[in-house]
Structures are given as structure tokens and as C-alpha cells.
Amino acid sequence: MTEQLVFDRPEVIADRATHYCPGCQHGVAQRLVGECLEEFGVVDKTIAVTSIGCSVFLYNYLLVDSVEAPHGRAPAVATGVKRAKPDNIVLAYQGDGDLASIGMAEIMHCANRGERVTIIFVNNTVYGMTGGQMAPTTMIGQKTTTCPGGRCAEREGQPFKMAEILAGLGGVAYSARVAVNNAKNLVKAKRAIKHAFQAQIDNKGFGFVEVLATCPTNWKMTPVAANERIECELIPYFPLGIYKDRLNEGEGC
Amino acid sequence: MASESRIFVKGNEAVVHGALAAGCRCYFGYPITPQNDIPELMSKLMPESGGSFVQAESEVAAANMLLGAAATGTRAMTSSSSPGISLKQEAISYMAGSRLPGVIVNMNRGGPGLGDIGPSQGDYFQSVKGGGHGDYRLLVLGPATCQEAYDLTILAFDLAFKYQNPVMILGDAIIGQMKEPVIPWKPAPVDSNEASDWALTGAKGRPMRLIKSLYLEDGALAAQNIRLRDTYKAMEAEIRAESFETDDAELVVVAYGSIGRIVKSAVRNLRKQGKKVGLYRPITLFPFPAQGLRELAQKGKRFLTIEHNLGQMVEDVKLSMIGLADSDFHGHMPGSIPSPDDFEAPILSALERSAS
């Protein structure tokens with residue numbers, strides 16, 4: 001019996017082991033992005049903006065032209081790239097500390113202007129690479145190195161719900177929250193990422209996908225337990241779904 | 001290729017016209033006095049010329065938009081004034097570390113802090129010594145007239161791409177706000193291949209490109225910093241300075257930008273009184289035109305540095321001539337605009353000291 005390959009690696013994803021910790025879902029999110037770029041046939045015209053933290057190494061795994069942005073500024077850098085090269089597909093890939101804390105101004109205004117860019121927002125509720133500090137998306141009660149007693153709403157506020165917040169802005173054409181914790185959600189996640197790129201390709205406006213993802217190392221959990229946490233703790237507070245979809249509406253100005 | 005027609009514009013507007021002549025395709029800015037004429041005129045002319053104008057949400061964002069546009073090999077610019085330039089420094093450091101070209105205009109106002117909106121040269125250190133984090137330099141040009149603001153802006157774009165490094169136009173509230181006739185001229189069209197070996201355009205037909213300032217591998221950052229050092233050394237080919245009445249001068253006044261121009265009037269007036277004084281006006285503030293100063297020092301001249309601050313460029317003047325000569329210093333404090341008369345007494349005083 002001959003072997004038949006039924007599930008291959010997208011060419012745009014580098015053939016190398018990632019540095020990500022066991023059980024981390026950055027690799028899954030990045031693979032989905034790569035699959036979407038290949039299916040749209042836009043790999044050759046994509047320019048990626050990478051950010052700070054674990055996200056920065058996107059450029060080691062996604063083989064497209066890439067530029068590194070300062071902490072939180074990826075939406076501004078992406079704006080500059082897109083304004084200079086409107087015919088290219090512009091992707092920014094950010095984590096939660098990057099996008100929802102230091103870069104809150106940049107994401108809000110980039111989205112509000114309706115920049116024709118696609119932002120993939122990997123939310124693992126913690127600052128990963130810097131060693132597990134509190135993020136703007138850290139759950140109430142979640143212990144981190146800078147909220148050792150657990151995040152307290154009265155002291156640190158509630159976790160930001162970015163997919164819902166951005167959906168309220170006029171320039172946003174597509175905003176969704178997905179998870180990659182099981183096969184069913186993975187399929188939905190890919191569909192959402194595809195729609196976020198479609199919003200850019202069709203010149204409809206800003207496209208945004210929040211991906212709930214694990215950080216077993218900083219959550220101090222096994223990969224399996226971390227995946228279960230997505231289902232039991234994160235999704236109830238960060239509901240999955242499409243919060244805005246203007247793909248079938250006419251173009252703006 | 002000089003044009004016959006003259007335009008009557010502010011220094012800020014001259015910068016805009018120069019940028020457009022140089023092929024600037026994107027401008028990203030944020031309002032701050034006294035440079036608002038730049039974003040205002042850009043908001044009209046940039047779209048008319050088929051380029052892109054964005055009023056960013058902050059100086060931070062504007063500078064990062066510049067970084068993004070620069071990464072595509074596009075001629076792009078941002079402008080601001082002192083407190084805003086401080087906010088732009090993060091992106092400027094990243095641009096220097098990523099070897100990205102771009103033009104940044106600083107119409108220096110008074111500081112520190114909110115200071116005032118009047119002219120000052122208090123940002124000299126911040127401009128020529130790096131400004132943001134890390135070990136880098138900008139190529140810095142200091143115009144003294146509206147015509148120079150136009151000419152040096154065109155030059156700034158060429159040099160930014162030649163050296164793949166950010167270039168700063170360091171003016172002040174005087175040059176930004178005064179109005180003069182400018183003779184516009186068209187430089188040669190931008191070479192469409194000028195960034196073809198590094199710019200991000202989509203990897204069609206070639207391997208992916210990566211523009212970054214992160215160097216984690218053993219020795220990689222050292223190699224990058226050595227490349228940067230070599231670039232700054234190579235920039236010395238661009239050194240420019242104006243010498244005025246220095247041949248037979250006993251005392252050479254060193255001053256740049258608007259203050260250099262005011263000093264020039266003072267020198268002219270003192271020459272009429274038979275005083276042997278001259279002006280050396282650095283135009284490239286980094287790299288600093290040290291060789292010209294050394295040559296004057298070797299001829300036995302004495303020096304007085306005049307600045308619109310507590311004394312910043314004077315350190316570079318002294319370093320330039322170390323072992324050969326020293327320089328006196330006179331600082332006109334920010335908060336008022338000096339006239340040529342204000343400088344006569346300090347120049348005469350330094351002249352007397354040099355004679356004794």
C-alpha cells in the first residue's frame with residue numbers, strides 16, 4: 001500500500017520547528033493565516049507587520065515580506081505600509097499586551113479610519129515572552145507575576161473585549177472572535193480569518209480577528225489543561241462569534 | 001534646472017514644496033505649533049499629487065506610519081516640533097536600527113517640557129546625538145533661510161535613501177514662520193530602482209525580505225552596530241558649512257540655523273566698523289563639519305559659539321578643535337528672538353579677549 005499525503009504544510013509556512021512552547025497555539029494561528037494567504041493567491045503581494053513579544057517571530061515562520069514594528073505600533077506601521085502600497089495585502093499580527101495595552105490608541109484609530117489592513121490578534125490573557133505578567137485581557141482572578149493574588153476588577157479593571165469594542169467603530173468591516181481549541185472552532189477560525197482578508201481584498205475596510213489561544217507555560221498548565229481553560233473560562237467571558245460583518249455591503253468612500 | 005518663477009512662502013511651506021519636488025509620496029503628521037503649516041499644506045498638496053496624507057492620532061503613530069511607508073521604499077516624511085519630536089524618537093530609533101530612510105522635520109521650539117512656542121535651539125543634543133534609545137545617529141541638516149529649507153529638504157530625501165538612514169531637518173520657529181521668496185527647482189526624477197534591493201513590495205519572484213532591528217544571535221547586534229558606525233563615517237562625505245568673512249578674521253563666530261543667519265548680519269555690521277570677525281555656519285549638524293573648524297584653528301583664529309540655548313553645539317565645536325583651539329560661548333536664552341544688535345557686544349567682547 002502506497003502512502004498518500006492528505007494534509008500538507010502550506011508552502012508559505014517555513015519548514016522549520018518553531019520556538020514556541022509546547023501547547024502554544026501561535027503556530028496554529030500562523031498556519032491558518034498562511035493557508036488563507038495561499039488560498040487567496042496573495043502570498044507574493046503580502047507585507048506582514050510583526051509586533052513585540054512571541055508574535056514578533058511570525059517572520060521566522062510565515063515566508064512573506066515583513067517589517068518589525070515597535071511595541072504596540074503595528075497598526076500605525078501597517079497604515080504606513082498600506083498607504084504607501086495600496087495594492088499590497090497588509091497583515092499585522094499582535095498579541096494582547098501589544099494591541100490592547102500599549103497599542104490601544106493605534107488599534108482604535110487604525111480601525112476607526114477603516115484602514116484596509118487585516119489584524120490577527122492573539123489573545124492568551126498574559127504577557128508571554130516577558131515572563132507572564134498581567135495583560136489587559138487577563139481574567140478576573142487569574143494569577144500572574146504582576147497580580148500574584150489574582151486580577152482584581154476594583155484594582156485593575158475588567159479584561160478588554162477587543163472584538164466587541166472594535167466592532168463598534170465605523171471603519172471596521174469585519175470583527176470576530178474565534179478559538180483554536182478544537183476542530184470545530186478551528187474551522188470557524190479559518191473562515192473568520194479568510195473573511196478578515198476578504199474585507200481588505202474587497203476594499204471594504206478594516207478586518208479584525210481575535211484568536212483565543214493558550215499559553216501553557218505562563219498559565220502553568222499542561223497543554224491539555226490549557227486547552228480546557230479556553231473552553232471553560234475564556235469563552236464564557238470572551239464569547240466566540242462574528243461581531244461585525246459588512247462584507248456584503250457596498251464600498252465606502 | 002532653476003525655474004524663473006519665485007514663490008513667497010514660509011519656511012514651513014518651503015519644506016513642503018521641497019518634499020514634493022523630491023518625490024515625497026506619503027506624509028504623516030500631527031498638529032503642533034510652530035510647524036502646523038506643514039501638515040496643513042500637505043493635507044492639500046499630497047492628495048493632489050497622488051500621494052497619501054494621514055493626520056495621525058499622535059506623534060507616536062505618525063512616526064510609525066513613516067516607518068511603515070519607508071519599509072516599502074517609498075519617499076515619506078513626518079514633521080513636528082520639540083515635544084512631538086520626543087514622542088517620535090521611539091520610531092526614529094527603530095528606523096535607524098532597521099536601516100530605513102525617511103525625513104523628519106523638527107521646527108524647534110522652546111523647552112524643556114511644554115516650554116513655549118517660540119524659537120530655540122534646545123533640541124540640538126536630541127537631534128545630533130541620537131535622541132531615542134540605542135547607539136545611532138541621524139543625518140541632520142540645519143537651514144538658515146527659506147530657500148535653504150527648500151533645498152535641504154530635497155537633499156534630505158536623497159541622503160536618506162543614499163545612506164538608508166533617517167534624515168532630520170532641524171529648523172526652528174523663526175525659519176518655520178518667516179516668509180521669504182524661494183526659487184523652486186525640480187531635481188532629477190526619483191530613480192524607481194533606488195530601494196529595489198531592500199524594500200518590501202511583496203515577495204513575487206524572489207525570496208521574502210525582512211526589515212527588523214532585533215538581533216539576538218551571538219555577535220549579530222555587534223555586526224549591525226559596526227555597519228551603522230561605518231555608515232555614519234561615510235556620511236562625512238556630505239559635510240556642508242558656510243564660511244563668511246573668515247579669511248582675515250581674528251575671531252570666527254560659530255552659529256547654525258536662524259541664529260547663524262542673525263549672527264551673519266551682526267558680522268556684516270561689525271565688518272563695517274572694521275572689526276575682523278567672521279562666521280562659520282555648520283549646515284550639516286551631524287556629521288559635524290569639524291575639518292573646516294580645524295583648518296581655521298590651525299590658522300590661529302579664535303572662536304565664539306553662539307546658540308539659542310544654554311550651550312550644546314559648543315561641545316562639538318570644542319571637540320572638533322581639541323588640541324588646537326578653544327571656543328567661548330554666548331547663549332541667547334529661549335523666550336525671545338535676538339536681533340543682530342544683541343550679538344554685537346558678546347562678539348566684541350570675545351574679539352577683545354582673543355586679542356589680549
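This is a predicted model: local features need pLDDT of at least 70, side-chain atom pairs count only at pLDDT 80 or more; totals for chains, interfaces and linings use all residues.

Q: What share of the residues of chain A counts as buried?
A: Of its 253 residues, 58% count as buried.

Q: And what does the secondary structure of chain A come to?
A: Chain A has 10 helices and 7 strands. Its radius of gyration is 17 Å, close to the 18 Å that the globule rule gives for 253 residues, so chain A is as compact as a globular protein of that length. Along the principal axes, its C-alpha atoms fill a box of roughly 55 × 50 × 30 Å.

Q: Among contacts between residues at least 6 apart in chain A, how many join residues at least 24 apart?
A: The share is 69%.

Q: What about confidence: which pLDDT does chain B average?
A: Chain B averages 97, and 99% of its residues score at least 70. For the complex, the predictor gives an ipTM of 0.96 and a pTM of 0.97.

Q: Let us turn to charges. How many salt bridges are there over all chains?
A: The structure holds 33. One of them pairs Arg73(A) with Glu106(A), with the closest N and O atoms 3.3 Å apart. This pair links distant parts of the chain, 33 residues apart: Arg73(A) is in the loop between β2 (65-68) and α3 (74-84), and Glu106(A) is in helix α5 (residues 104-113) of chain A.

Q: Are Arg73(A) and Glu106(A) buried or exposed?
A: Both residues are buried. By contrast in topic, Glu249(A) forms a salt bridge with Arg246(A) at 3.6 Å between the closest N and O atoms, and Glu249(A) counts as partly exposed because its relative accessibility is 43%.

Q: Which residue does Glu242(B) pair with?
A: Glu242(B) forms a salt bridge with Lys264(B), the closest N and O atoms being 2.5 Å apart. Glu242(B) lies in strand β10 (residues 241-244) and Lys264(B) in helix α9 (residues 257-272) of chain B, so the pair ties together parts that are 22 residues apart in sequence. Glu242(B) is buried, with a relative accessible area of 18%.

Q: Which residues do salt bridges that share partners join into one network?
A: They are Arg31(A), Glu35(A), Glu39(A), Lys190(A) and Lys194(A).

Q: Now to packing. Which residues of helix α10 of chain B are buried?
A: In this helix (residues 290-298), Ala290(B), Leu293(B), Leu296(B) and Ala297(B) are buried. They cover an arc of only 125° around the axis, so they sit on the same side of α10(B). The cover over the buried residues of α10(B) includes β11 (251-254), β12 (277-282), β14 (302-307) and α11 (313-320) of chain B. Just after α10(B), Gly300(B) takes a positive phi of about 85°.

Q: Back to chain A: where is Thr125(A) found?
A: Thr125(A) is in the loop between β4 (118-123) and α6 (153-156) of chain A. Although not a glycine, Thr125(A) has a positive phi of about 60°. Thr125(A) counts as buried, because its relative accessibility is 0%.

Q: And what is the peptide bond from Thr33(B) to Pro34(B)?
A: That bond is cis, with omega near 10°, and Pro34(B) is in the loop between β2 (26-29) and α2 (37-48) of chain B. A cis peptide bond also joins Gly111(B) and Pro112(B), where omega is about 5°.

Methods: Residues are numbered from 1 along each chain as its sequence is written. Chains are lettered from A and ligands numbered from 1 in the order in which they are written. Side-chain values use heavy atoms; hydrogens and water are left out. pLDDT is the predictor's confidence in each residue, from 0 to 100. A salt bridge is a side-chain nitrogen of Lys or Arg within 4 Å of a carboxyl oxygen of Asp or Glu. Helices (H or I, at least four residues) and strands (E, at least two) are DSSP runs, numbered from the N terminus. Buried means under 20% relative accessible area, exposed over 50%, partly exposed in between (1.4 Å probe, protein chains only). The radius of gyration is taken over C-alpha atoms; the globule rule is 2.2 Å times the number of residues to the power 0.38. Contact means heavy atoms within 4.5 Å. The arc is that of the directions from the helix axis to the C-beta atoms.
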